Amino acid sequence: MTPSRRMLLVHAHPDDETINNGATMARYVAEGAQVTLLTCTLGEEGEILVPELAQLAADQADQLGGYRIWELRAAMDALGVTDIRFLGGPGRYRDSGMMGVPANTHPRAFWNADLDEAVAHAVAVVREARPQVVVTYDENGGYGHPDHIQAHRVAMGAVAAAADPAYRPDLGQAWAVAKVYWCCVPRSVLQQGIDAMAAFGDEASSRSHQRRRHPLRGAGRPRDGGRRRPVLRRPQGRGHAVPPDPDLGGRPLLRPVQQPGSRGAGRRVLPAGPGRARTGRARYRGLGGRPVRGSPRMTTVVERLGWAAAAVVVPAWLALVEVFWLPLRVGGLLVPLSIAAAVLGNLLLPAAALHLSGSRLVALLPPAVWLVVAIGAMNRRPEGDLVMTGGAPKAR
């Protein structure tokens with residue numbers, strides 16, 4: 001007999017489900033609910049921390065994915081989850097690695113998967129499992145991992161498509177999911193982690209200083225009394241999905257997402273309990289990357305080359321406008337529009353280039369190109385006073 005309560009969790013790699021929602025899964029299994037896990041990749045690019053397994057790495061035998069299938073089944077056995085599935089079957093999609101690494105370009109990388117095809121695979125699972133609740137990541141994958149972002153897209157696309165009777169009737173009878181939850185972490189939990197890192201940095205700095213006294217500081221204590229705080233910078237790109245703290249004692253959260261026609265999802269935030277959500281990963285490599293529904297920050301080589309070309313063409317054209325059109329005289333009086341245009345353009349263009357491309361190198365191109373083109377154009381002007389009076393110079 002099919003259980004009356006059913007939940008589907010969509011995660012990117014083996015172990016993501018345990019890190020984010022392990023306690024949630026165990027709880028609902030214990031209460032008699034049907035818990036289905038849909039994992040999108042085998043986690044082939046995962047970091048290996050056990051020396052004896054180092055040869056399984058992607059740059060060696062590339063057998064980590066098969067090993068992680070076994071790990072996943074062992075973990076689900078401990079949680080009591082029996083319905084374990086892989087999107088499109090085991091090995092259909094490959095771990096894309098962190099944002100900006102060569103693994104992103106692998107032919108089977110989940111990041112490059114055909115979204116329509118991947119959604120169809122997920123729709124088949126939704127219509128078969130018929131869950132009332134779907135759990136996945138937010139639109140930025142929690143912390144910007146490409147596979148987490150793609151898992152969000154697939155899960156949300158599948159929820160919408162599965163409810164449409166006209167969409168792929170061959171995949172089963174239409175099913176409307178009542179609620180969707182995104183894993184997230186309240187600000188207080190992130191702040192506790194930052195404070196712990198800072199405290200650890202203070203202690204490490206003090207111990208290190210005691211081992212090697214600074215020759216220029218007398219007794220060997222730094223000028224701030226022996227305590228140096230690490231510099232914590234916010235990563236570039238889109239930020240974490242961090243909701244305001246409700247009165248939950250700092251516990252991690254699952255954030256409900258309003259579904260069309262659903263009741264009760266609203267803006268409520270439900271406690272998930274210890275160990276159910278986390279936004280960190282070892283060897284963090286940053287946020288951003290391929291645009292998420294129009295996100296302006298781009299990191300791929302082709303996109304950056306495109307913005308670099310724009311950063312050359314636009315200021316070059318504006319420099320020609322400045323030299324040949326804006327300098328003018330009104331009744332013999334010089335109107336310095338070119339100076340104002342040059343100042344304004346060289347303030348705005350670098351800022352725009354940095355915002356759109358995310359590259360400081362691209363941001364340096366507009367003022368450099370502007371200067372070079374302007375100097376070259378002035379040397380070729382038909383008049384020598386740097387002010388166009390209108391019309392071509394008359395022959396004498």
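Leaving aside neighbours within four places in sequence, Phe110 is in contact with Cys40, Thr41, Leu87, Tyr93, Arg94, Ser96, Asp147, Gln150, Ala151 and Val154, where contact means heavy atoms within 4.5 Å. This is a predicted model, in which local features need pLDDT of at least 70 and side-chain atom pairs count only at pLDDT 80 or more, while totals for chains, interfaces and linings use all residues. Residues are numbered from 1 along each chain as its sequence is written, and side-chain values use heavy atoms, with hydrogens and water left out.

I will stay with Phe110 for the core. The largest nonpolar core has 30 residues, and Leu87 and Phe110 are those with the most contacts inside it. A nonpolar core here is a set of buried Ala, Val, Leu, Ile, Met, Phe, Trp, Tyr and Cys residues joined through side-chain atoms within 4.5 Å. Buried means under 20% relative accessible area, exposed over 50%, and partly exposed in between, with a 1.4 Å probe and protein chains only. Strand 1 (6-11), helix 3, helix 4 (146-162) and strand 5 (179-184) each give two or more residues to this core. Helices (H or I, at least four residues) and strands (E, at least two) are DSSP runs, numbered from the N terminus. As background, nonpolar side chains in soluble globular proteins tend to be buried together.

Next, the aromatic pairs. How many does a search of the whole structure find? The search gives 2. Rings of Phe, Tyr and Trp (its six-membered ring) pair if their centres lie within 6.5 Å; planes under 30 degrees apart count as stacked, over 60 as edge-to-face, and the rest as tilted.

The rings of Tyr67 and Trp70 have centres 5.6 Å apart and planes at 50 degrees, so this pair is tilted. Both residues belong to helix 2 (residues 64-79), and being 3 residues apart they are separated by about one helical turn. Tyr67 is partly exposed at 27% relative accessible area, and Trp70 is exposed at 55%.

The other pair brings us back to Phe110. Its ring and that of Tyr93 have centres 5.4 Å apart and planes at 55 degrees, so this pair is tilted. Tyr93 and Phe110 both lie in the loop between strand 3 (83-86) and helix 3 (115-129), so the pair ties together parts that are 17 residues apart in sequence. Both Tyr93 and Phe110 are buried.

Two backbone notes. Asp62 has a positive phi of about 55 degrees although it is not a glycine; its place is the loop between strand 2 (34-39) and helix 2. Arg130, also not a glycine, has a positive phi of about 55 degrees and sits in the loop between helix 3 and strand 4 (133-136).

Last, the annotated site. Which residues does the UniProt annotation "binding site" cover? According to that unreviewed entry, they are His13, Asp16 and His148. UniProt positions are given in the numbering used here, feature names are shortened, and annotations may be inferred rather than shown by experiment. The three span 136 residues in sequence, yet no two of their C-alpha atoms are more than 9.4 Å apart, so they gather at one spot. Asp16 is in helix 1 (residues 16-30) and is buried at 2% relative accessible area. His148 lies in helix 4 and counts as buried at 3%.
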